[in-house]
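Please look at the sequence and the structure before reading on.

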Amino acid sequence: MTKTKADQIVLEGVVEEELRGGTFRVRLENDHEVFAHISGKLRRHRIRVLPGDRIQLEVSAYDLTRGRITYRFG
């Protein structure tokens with residue numbers, strides 16, 4: 001079984017802390033914490049994500065503790 005876009009949950013949150021290896025600790029709007037990494041397009045276009053930034057992330061329906069940052073709100 002392969003993962004599809006339908007398996008992704010799109011949420012918004014605030015970056016709390018930058019960790020090693022390009023991962024971040026993100027606090028969601030409902031006060032849950034998620035570990036997230038930067039998506040490939042953000043890396044390719046060198047978009048910086050810093051603590052305090054509002055971001056959009058995709059969380060897998062299978063593992064709600066990890067996600068992927070897909071957008072940084074300006």
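In what order do the elements of the protein chain run from the N terminus on? The order is β-β-β-α-β-β. The protein chain thus has one helix and five strands, where helices (H or I, at least four residues) and strands (E, at least two) are DSSP runs.

This is a predicted model, in which local features need pLDDT of at least 70 and side-chain atom pairs pLDDT 80 or more, while totals for chains, interfaces and linings use all residues. Residues are numbered from 1 along each chain as its sequence is written, and side-chain values use heavy atoms, without hydrogens and water.

The C-alpha trace of the protein chain spans about 35 × 30 × 25 Å along its principal axes. Of its 74 residues, 27% count as buried, meaning under 20% relative accessible area, with exposed over 50% and partly exposed in between (1.4 Å probe, protein chains only). Among contacts (heavy atoms within 4.5 Å) between residues at least 6 apart in sequence, 51% join residues at least 24 apart.

The structure holds one aromatic pair. The ring centres of Y71 and F73 lie 5.0 Å apart and their planes stand at 75 degrees, so the pair is edge-to-face. Rings of Phe, Tyr and Trp (its six-membered ring) pair if their centres lie within 6.5 Å; planes under 30 degrees apart count as stacked, over 60 as edge-to-face and the rest as tilted. The table gives the exposure of the two partners.

| Residue | Relative accessible area | Class |
|---|---|---|
| Y71 | 44% | partly exposed |
| F73 | 24% | partly exposed |
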